[in-house]
Amino acid sequence: MDTSRSPAAGTHPLLPPLILAAVALGVYLVTLANGFVWDDGYIIVENPATRSFTSLRDILLSPDIVKPYYRPLNRASYLLDFQLFGMNPAGFHAVNMVLHALNVLLVYQLGRRLFSAGPAALTAALLFAVHPINVETVAFISARNNLIALFFALSCFLAFLRGRDQGDRRWHLVGALLLFLGLMSKETALMVIVPVFLYAIRPFHGTDGKKTDLLRRAAVLLPYIIAIVVYLLMRSAALEGVLGTGIAAAELPQRLARNLYIIPRYLALFLFPAGLTIFHEVPPDWASAPWLVPAWLVIAAGLWLFLRRGGPAARFGLLWLGVNFLPVANIVPIPSYPMAERFMYLPAAGFCLVAGAVLGGPLFDRWGARVGWGVVGSITLLLALVTVERNRDWRDDVSLFTSVIETAPRSAEGYFNLGSALIERGDTAGARAAWERAVGIDPRHSGALAQLGTLAARQGDLAGAKARYLAAVEANPANVMARYNLGRIYEMQGEPARAAEQYELFLRYVPVEYGEYVPEVRARLAKLRATAPAGGTAGAAAAP
């Protein structure tokens with residue numbers, strides 16, 4: 001490395017890391033006042049595993065609250081948080097902040113290995129520290145698995161590089177352990193094996209100055225392969241043989257084609273982080289978007305330029321960006337959403353390395369350090385201001401879902417979730433208005449229809465409630481709470497066969513977050529079955 005051009009030249013070597021840590025923590029300091037939001041409720045707050053694991057086996061060999069997720073190290077981190085902070089969200093947020101700051105430092109260390117110029121490494125790390133696309137991962141406690149996965153993936157690759165360059169196999173054992181811990185945090189950490197493999201088989205000169213042979217280079221991969229095999233065996237045991245979400249072959253071409261729309265959208269968020277939201281919808285007519293062809297022409301030109309003239313650091317950044325995008329490219333169906341900002345946390349490290357190559361090299365070479373740092377500082381400040389403001393959207397559920405409809409006024413999902421947040425606050429009128437707005441945008445929005453049915457039932461309008469519930473299950477047969485409440489109404493109206501049918505469908509579709517209703521539904525169903533042969537009807541039930 002040419003240390004004469006390093007930003008730390010003439011200063012203490014700890015100064016750049018201290019600056020980076022201060023910036024990374026500073027932009028997220030406001031999150032300490034935020035609460036538990038969105039899925040934090042059932043993933044953390046209401047999850048018994050957050051408070052107590054009965055044995056080490058429960059930690060290592062049990063799935064997450066939703067299959068096929070198997071992320072025991074991430075779950076164990078919530079348990080540790082609870083032991084340290086109780087159910088105080090500030091403590092959970094503080095851990096996320098620290099993990100993000102550590103990742104910023106790792107991006108900086110990787111940049112120092114890749115770049116010959118110090119400004120490029122510091123630029124890349126600064127951009128990663130403050131980029132608003134990372135807010136969803138850092139401010140959303142339940143997205144911590146991405147933070148931990150990136151920490152271990154970057155640490156693994158740095159350990160691998162040290163072991164390769166020094167010819168010390170002990171570093172490869174450390175790297176394999178770090179890879180295993182990353183996989184135990186989130187399965188997407190597996191993608192670090194791609195750059196590890198490519199750099200392992202790449203010819204290089206060992207400490208003795210001699211070029212290593214291919215067999216010796218490939219041998220260093222053995223510990224990493226063993227780590228992956230051990231993880232897969234543990235995952236298979238925990239999920240009872242289920243290793244993934246399954247690939248619906250018939251839908252694969254359609255899912256892959258959507259990336260023609262999704263990739264430019266992600267790149268636009270990286271370059272111009274406006275319109276940030278937790279619900280990025282892919283419209284059914286996405287292929288007719290007028291900007292699609294020009295966007296891909298720009299992307300193709302950029303790829304050609306970077307691959308030919310970007311240098312090894314920029315090419316590595318593109319590699320990291322690309323391979324870490326693959327797990328969220330909908331090759332395997334994603335149970336949540338086809339597009340989400342938290343999916344970009346690992347790829348963002350690669351994007352920022354590319355940006356560091358663009359800004360930290362030519363900019364400083366042509367205009368000098370004063371102009372270079374002026375430009376980088378201005379960009380960092382602007383991004384930091386957006387990040388601080390975006391953090392405020394995550395104060396609570398009402399502010400979060402209000403931000404959704406401010407960004408996308410036609411988001412039925414945003415209005416539905418806002419209504420759910422308002423009803424939790426006791427604002428029934430506001431909740432009703434939000435749900436009616438959701439149905440106005442999407443007349444087949446099953447969740448909003450079911451909630452409006454519940455409001456009607458509470459007012460004694462069972463006919464109106466039943467109509468809403470029937471519309472809800474027609475729109476989504478797996479709406480289990482609409483099934484449950486329909487069963488209750490049918491019981492009240494003396495229709496045991498129809499009530500039993502709804503309870504059976506409830507049990508068929510019930511997800512884990514509604515597991516508390518299962519014993520009651522089974523008891524009601526058993527009672528209905530017991531009375532049906534004698535011609536009796538179910539007894540009167542309270543209004544749902």
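Leaving aside neighbours within four places in sequence, Trp 394 is in contact (heavy atoms within 4.5 Å) with Asn 34, Gly 35, Val 37, Trp 38, Val 135, Glu 136, Ala 139, Phe 140, Ile 278, Ser 399 and Leu 400. This is a predicted model, in which local features need pLDDT of at least 70 and side-chain atom pairs count only at pLDDT 80 or more, while totals for chains, interfaces and linings use all residues. Residues are numbered from 1 along each chain as its sequence is written, and side-chain values use heavy atoms, with hydrogens and water left out.

**Nonpolar core**

- A nonpolar core is a set of buried Ala, Val, Leu, Ile, Met, Phe, Trp, Tyr and Cys residues joined through side-chain atoms within 4.5 Å; buried means under 20% relative accessible area, exposed over 50%, and partly exposed in between, with a 1.4 Å probe and protein chains only.
- The largest such core has 150 residues, of which Trp 38, Leu 110, Phe 128, Phe 157, Phe 160, Trp 394 and Phe 401 touch the most other members.
- Helix H8 (residues 144-166) gives the most to this core, with 13 residues; helices (H or I, at least four residues) and strands (E, at least two) are DSSP runs, numbered from the N terminus.

**Aromatic rings**

- The whole structure holds 20 aromatic pairs, where rings of Phe, Tyr and Trp (its six-membered ring) pair if their centres lie within 6.5 Å, with planes under 30 degrees apart counted as stacked, over 60 as edge-to-face and the rest as tilted.
- Phe 160 and Tyr 224 form an edge-to-face pair, because their ring centres are 6.1 Å apart and their planes stand at 75°.
- Phe 160 lies in helix H8 and Tyr 224 in helix H12 (residues 222-238), so the pair ties together parts that are 64 residues apart in sequence.
- Phe 160 and Tyr 224 are both buried.
- A cluster linked by ring pairs contains Phe 157, Phe 160, Tyr 199, Tyr 224, Phe 316 and Trp 320.

**Charges over rings**

- Arg 71 lies over the face of Tyr 69, 4.2 Å from the ring centre; the rule asks for NZ of Lys or CZ of Arg within 6 Å of the ring centre and within 35 degrees of the ring normal.
- Arg 162 lies over the face of Trp 171, at 5.0 Å from the ring centre.

**Salt bridges**

- There are 15 salt bridges, each a side-chain nitrogen of Lys or Arg within 4 Å of a carboxyl oxygen of Asp or Glu.
- Asp 81 forms a salt bridge with Arg 144, with the closest N and O atoms 2.6 Å apart.
- This pair links distant parts of the chain, with Asp 81 in helix H4 (residues 72-85) and Arg 144 in helix H8, 63 residues apart; both Asp 81 and Arg 144 are buried.
- Arg 164 and Asp 165 meet in a salt bridge at 3.1 Å, N to O.
- Arg 164 counts as buried at 12% relative accessibility, whereas Asp 165 is partly exposed at 28%.
- Arg 524 bridges to Glu 520, with the closest N and O atoms 3.0 Å apart; both lie in helix H26 (residues 518-531), four residues apart, about one turn of the helix.
- Salt bridges that share partners join Arg 488, Glu 491, Glu 520 and Arg 524 into one network.

**Leu 486**

- Leu 486 is found in helix H24 (residues 480-492) and is buried, with a relative accessible area of 0%.
- Not counting residues up to four places away in sequence, Leu 486 touches Lys 466, Tyr 469, Leu 470, Val 473 and Gln 502.
- Leu 486 and Tyr 469 are 17 residues apart in sequence and 6.4 Å apart in space, C-alpha to C-alpha.
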